[in-house]
4 protein chains.
Amino acid sequence: MTPFDNMSAVPQDEIKALQDIGALFYGRGWSLGTSSNYSVVLCRDPLRLLMTASGKDKRSLRESDFVVVDVNGQMVTHAGGKASAETLLHVVAAQQAGVGAVLHTHSIWATILSDFFAWDAGLEIEGYEMLKGLAGVTTHDHSIWLNILDNSQDMPDLARRVQQLIVDQKDPLRHAFLLRRHGMYTWGRDLEEARKHVEILEFLLEVTGRSLSLGKPAPAAIAEKDVPTDLKAALTE
Amino acid sequence: MTPFDNMSAVPQDEIKALQDIGALFYGRGWSLGTSSNYSVVLCRDPLRLLMTASGKDKRSLRESDFVVVDVNGQMVTHAGGKASAETLLHVVAAQQAGVGAVLHTHSIWATILSDFFAWDAGLEIEGYEMLKGLAGVTTHDHSIWLNILDNSQDMPDLARRVQQLIVDQKDPLRHAFLLRRHGMYTWGRDLEEARKHVEILEFLLEVTGRSLSLGKPAPAAIAEKDVPTDLKAALTE
Amino acid sequence: MTPFDNMSAVPQDEIKALQDIGALFYGRGWSLGTSSNYSVVLCRDPLRLLMTASGKDKRSLRESDFVVVDVNGQMVTHAGGKASAETLLHVVAAQQAGVGAVLHTHSIWATILSDFFAWDAGLEIEGYEMLKGLAGVTTHDHSIWLNILDNSQDMPDLARRVQQLIVDQKDPLRHAFLLRRHGMYTWGRDLEEARKHVEILEFLLEVTGRSLSLGKPAPAAIAEKDVPTDLKAALTE
Amino acid sequence: MTPFDNMSAVPQDEIKALQDIGALFYGRGWSLGTSSNYSVVLCRDPLRLLMTASGKDKRSLRESDFVVVDVNGQMVTHAGGKASAETLLHVVAAQQAGVGAVLHTHSIWATILSDFFAWDAGLEIEGYEMLKGLAGVTTHDHSIWLNILDNSQDMPDLARRVQQLIVDQKDPLRHAFLLRRHGMYTWGRDLEEARKHVEILEFLLEVTGRSLSLGKPAPAAIAEKDVPTDLKAALTE
């Protein structure tokens with residue numbers, strides 16, 4: 001039992017902040033058609049997440065559109081809504097050390113690229129200044145690998161697969177992952193950082209997708225005319 | 001005769017909800033240039049639809065921009081506006097069991113794809129999580145066929161063609177259809193569900209269109225490098 | 001002399017309506033960077049146009065951002081602003097019978113397509129339902145030719161060229177024209193109709209541009225699989 | 001020492017104007033994920049810049065999200081924020097004669113094109129009417145060269161490279177520059193002009209990028225059908 005097992009004990013600020021996220025992401029086209037779900041950690045021991053209930057319109061979330069869930073993804077509150085089938089993915093993400101909020105979105109570019117790169121089981125994004133907005137990244141000269149998992153309706157299995165990637169010794173999953181033809185999950189130490197991660201990753205996915213449609217040639221194929229010596233050195237080092 | 005044959009008897013809430021749809025869809029670029037029309041079922045026996053009058057600016061619909069029509073598409077109210085030529089298509093859609101609202105939109109992607117796939121008389125959309133937002137769909141592992149009908153100014157004939165597709169025994173039209181180089185019709189049990197269907201279908205059309213412009217190769221043509229065994233199994237099953 | 005030669009005699013409603021257009025078009029990206037200018041006819045004999053002054057920010061037009069001009073494009077008011085160099089193009093457009101407002105915009109797609117089709121001196125747009133929103137068009141089965149004129153800083157010459165196209169006996173310019181790498185001019189019987197024309201033409205230009213980027217194959221090259229007989233007949237007639 | 005070395009002496013109008021820029025650019029997608037920074041010149045001798053502090057959310061900048069810096073990029077105020085690592089680039093830009101404001105943005109198209117044209121160390125934009133919105137440009141028949149510098153975390157070195165381009169005798173850097181896979185810097189005599197420059201350059205970058213994706217053929221390759229003699233003459237002169 002925790003104080004938050006009663007919906008009326010959930011701080012209004014947390015609800016307002018998630019309502020704001022909903023209106024913002026709906027406006028940007030990342031949470032249309034009642035898609036997406038968002039959660040914040042209310043307490044960790046035992047774990048309680050304040051989370052959007054299943055199938056709610058993110059454009060204007062009402063107070064009754066939220067539930068509180070436990071570590072097993074079960075509702076501990078008894079309000080009108082029901083917990084999303086994807087609650088377990090939020091739990092897995094929220095159980096990482098230092099995570100305070102988890103955001104799941106359905107954008108156009110995440111959907112397209114999660115399919116385009118599905119056979120690689122992920123995509124690399126490297127060398128962009130925007131990467132510095134991700135927690136722990138301090139230079140643009142950095143590369144992230146964004147895992148793509150095949151979509152599934154078997155949530156315990158999908159949660160287990162994500163968990164395996166997170167605890168991988170050699171190359172642990174960081175910051176975010178994509179579900180094929182579905183959307184993105186990311187998180188942060190609080191809601192503000194999680195939102196920053198959504199904005200940065202969506203930006204980088206759009207840059208990646210639009211660059212593909214330009215048929216951007218590989219660096220090696222570009223003619224070397226007019227390149228100042230020092231820039232050329234910098235680019236090829 | 002019904003109470004709704006007098007415009008003043010139409011609930012203000014229904015008008016406000018359609019005004020809100022207009023401002024929202026105008027903002028998203030789905031109802032520019034006085035295009036589009038929206039309707040809700042006021043009563044079924046006899047049928048009465050509250051509907052946007054012909055040629056009104058959807059950005060800021062006024063109360064006088066609505067009419068009430070009957071099962072023959074004829075106006076039963078005598079306000080300033082006149083009924084849209086496309087009223088019969090709303091009637092055909094609204095006569096389906098459980099339909100409470102019909103939304104017709106003119107988006108960029110619906111216009112483009114209704115033309116691109118015209119010779120197939122439709123397009124298939126399959127395997128997307130967003131499909132679960134459509135009434136009756138419970139898994140992403142689903143496929144919809146979005147019929148495309150050739151555009152026409154002969155509304156009785158066009159309405160008859162739509163009606164035939166709806167009552168087709170083998171493969172009845174579901175959720176929505178496109179008119180070539182014109183736009184989309186969709187519906188729902190109420191206005192909220194109909195709006196959800198617009199948002200989901202527009203999302204999926206944009207994903208389809210932008211994927212085409214990436215020249216997305218067919219799955220069979222993708223190199224099988226670096227695919228984890230279990231993901232590959234999942235993708236090819 | 002007319003009453004409107006004094007700025008204080010210009011109806012506030014006309015100013016407010018143009019301020020609204022500015023905020024709307026700025027938001028849509030059609031009037032960025034102080035580009036664009038808008039005018040309405042105050043009286044016809046002698047001609048007086050209320051018009052945005054040169055180089056004003058369209059996001060939030062102030063009352064002092066307007067001037068009144070005569071048939072020679074000369075200012076008759078003595079406010080802070082100065083008349084745009086393009087005033088003569090507004091005069092030529094406004095002198096057509098039944099024109100009450102002229103809108104000049106700088107959109108992404110008008111700029112791109114005015115260049116892409118420059119060697120054809122125009123582009124054809126045909127078969128779209130949206131065409132019915134243009135004054136005098138009653139069916140989608142219609143074609144418009146959108147003239148493209150080479151851009152110029154010699155406004156009297158450019159105005160003369162537009163005038164020649166308008167009075168052309170065989171194929172007079174209708175509804176709108178494009179200036180190469182510059183933007184679009186359109187008009188209507190009042191500001192509301194002129195705005196509708198902007199929205200419709202911008203929509204059709206975006207559809208045209210995005211269809212080009214899909215590499216839409218010519219109808220003859222499409223495989224004829226799965227086409228219902230009646231649709232095929234309709235498409236090929 | 002200057003009066004502005006105390007944050008409370010900074011005019012509220014300057015802060016409000018930068019807050020407005022933040023909300024506007026965030027909405028347009030040019031300043032997502034706490035990216036971007038903006039500055040205005042408070043005084044020149046000694047130089048003081050009011051500037052957004054490092055890593056602040058541009059959607060809703062608070063008063064405590066600003067700092068005042070000197071000619072060495074050092075903070076002279078002692079508020080909550082810390083100066084951005086890129087402060088020196090603002091200083092270099094602001095030291096040019098007649099510059100009153102510097103805006104650094106992270107847009108999709110600036111990021112893509114700064115990469116696409118990196119081996120040319122810049123891109124040419126020519127012949128667009130929108131160019132006339134840049135300070136000192138009076139005709140569309142004009143060409144700008146937008147320098148691209150390789151991105152770096154070594155700010156003193158990067159600032160030196162920008163400075164060299166600005167003082168270049170033969171072909172000095174004007175209006176703006178791009179950092180590869182990073183974003184754009186531009187400026188103006190005041191914040192209004194700097195914002196105009198952002199809007200115009202972003203517009204031209206988007207036009208350039210989308211034209212590339214249309215595979216716009218070179219003028220010489222276009223068939224010469226239907227070109228009126230005078231237009232053809234104008235285009236080929």
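**Exercise 1. A charged residue without a partner**

Task: In this predicted model, find where B:Glu86 sits, and work out which side chain of opposite charge is nearest to B:Glu86 and how far away that side chain is.

Solution. Start with the surroundings of the residue.
- Step 1: B:Glu86 is buried, yet B:Glu86 has no salt bridge.
- Step 2: The nearest side chain of opposite charge is C:Lys132, 5.2 Å away. A salt bridge would need the nitrogen and the carboxyl oxygen within 4 Å.
- Step 3: Setting aside neighbours within four places in sequence, the contacts of B:Glu86 are B:Asn37, B:His104, B:Met155, B:His182, B:Tyr185 and, from chain C, C:Glu129.
- Step 4: H2(B) is mostly covered, with seven of its eight residues buried. These are B:Thr87, B:Leu89, B:His90, B:Val91, B:Val92, B:Ala93 and B:Ala94.

**Exercise 2. Reading the sheet of chain A**

Task: In which order do the eight strands of the open sheet in chain A lie, and which are the edge strands?

- Step 1: The order is E3-E2-E1-E4-E8-E7-E6-E5 in chain A, and the pairing is mixed.
- Step 2: Strand E3 (66-69) and strand E5 (122-126) of chain A are the edges, since each pairs on one side only.
- Step 3: From one strand to the next, the twist averages 20°.
- Step 4: Take one pair as an example. Strand E2 (residues 47-52) of chain A joins E3(A) in the antiparallel sense through four bridges. Here A:Leu49 is set opposite A:Val69 of E3(A).
- Step 5: Helix H2 (residues 87-94) of chain A lies across several strands, including E2 and E3, and runs at about 130° to E2(A).
- Step 6: Helix H3 (residues 108-116) of chain A also packs on the sheet, where it touches E5, strand E6 (143-149), E7 and E8 of chain A. The direction of H3 makes about 75° with that of E7(A).

**Exercise 3. The sheet of chain C**

Task: How many bridges join strands E1 and E2 of chain C, and at about what angle to E6(C) does helix H4 run?

Solution. Begin with the sheet as a whole.
- Step 1: In chain C, eight strands form an open sheet with mixed pairing, ordered E3-E2-E1-E4-E8-E7-E6-E5.
- Step 2: Strand E3 (66-69) and strand E5 (122-126) of chain C are its edge strands.
- Step 3: Strand E1 (residues 37-44) and strand E2 (residues 47-52) of chain C are antiparallel and share five bridges. In E2(C), C:Leu49 is the bridge partner of C:Val41.
- Step 4: Helix H4 (residues 155-166) of chain C lies across strand E6 (143-149) and E7 of chain C, at about 160° to E6(C).

**Exercise 4. Strand E6 of chain D and its two partners**

Task: In which sense, parallel or antiparallel, does E6(D) pair with strand E5 and with strand E7 of chain D?

Solution. Take the two sides in turn.
- Step 1: Strand E5 (residues 122-126) of chain D pairs with E6(D) in the antiparallel sense over five bridges, and D:Ile125 faces D:Ile144 of E6(D).
- Step 2: Strand E7 (residues 176-179) of chain D pairs with E6(D) in the parallel sense over three bridges, with D:Asn147 opposite D:Phe177 in E7(D).
- Step 3: E6(D), helix H4 (residues 155-166) of chain D and E7(D) together make a right-handed β-α-β unit.
- Step 4: Five of the seven residues of strand E6 (residues 143-149) of chain D are buried, which leaves this strand mostly covered.

**Exercise 5. Salt bridges**

Task: Which side chain does B:Arg181 meet in a salt bridge, and which meets C:Arg180?

Solution. Go through the chains one at a time.
- Step 1: B:Arg181 meets B:Asp115, at 3.1 Å from N to O. B:Arg181 lies in the loop between strand E7 (176-179) and strand E8 (183-188) of chain B, B:Asp115 lies in helix H3 (residues 108-116) of chain B, and the two are 66 residues apart. Both B:Arg181 and B:Asp115 are buried.
- Step 2: C:Arg180 meets C:Asp115, at 2.9 Å from N to O. The partners are 65 residues apart in the chain. C:Arg180 counts as buried because its relative accessible area is 14%, under the 20% limit; C:Asp115 is buried at 3%.
- Step 3: A:Glu193 and A:Arg189 form a salt bridge whose closest N and O atoms are 2.3 Å apart. A:Glu193 is buried at 10% relative accessible area, while A:Arg189 is exposed at 56%.
- Step 4: A:Asp115, A:Arg180, A:Arg181 and B:Glu126 are linked in a network of salt bridges.
- Step 5: Over all chains, the count comes to 56 salt bridges.

Technical notes: Residues are numbered from 1 along each chain as its sequence is written. Chains are lettered from A and ligands numbered from 1 in the order in which they are written. This is a predicted model: local features need pLDDT of at least 70, side-chain atom pairs count only at pLDDT 80 or more; totals for chains, interfaces and linings use all residues. Side-chain values use heavy atoms; hydrogens and water are left out. Buried means under 20% relative accessible area, exposed over 50%, partly exposed in between (1.4 Å probe, protein chains only). Lys and Arg count as positive and Asp and Glu as negative; His and the chain ends are not counted. Contact means heavy atoms within 4.5 Å. Two strands pair if DSSP finds at least two bridges between them. Axes are lines fitted to C-alpha atoms, for helices over the stretch in contact, and angles run from 0 to 180 degrees between N-to-C directions. A crossover is right-handed if, with the strands pointing away from the viewer, the path from the first strand over the helix to the second runs clockwise.
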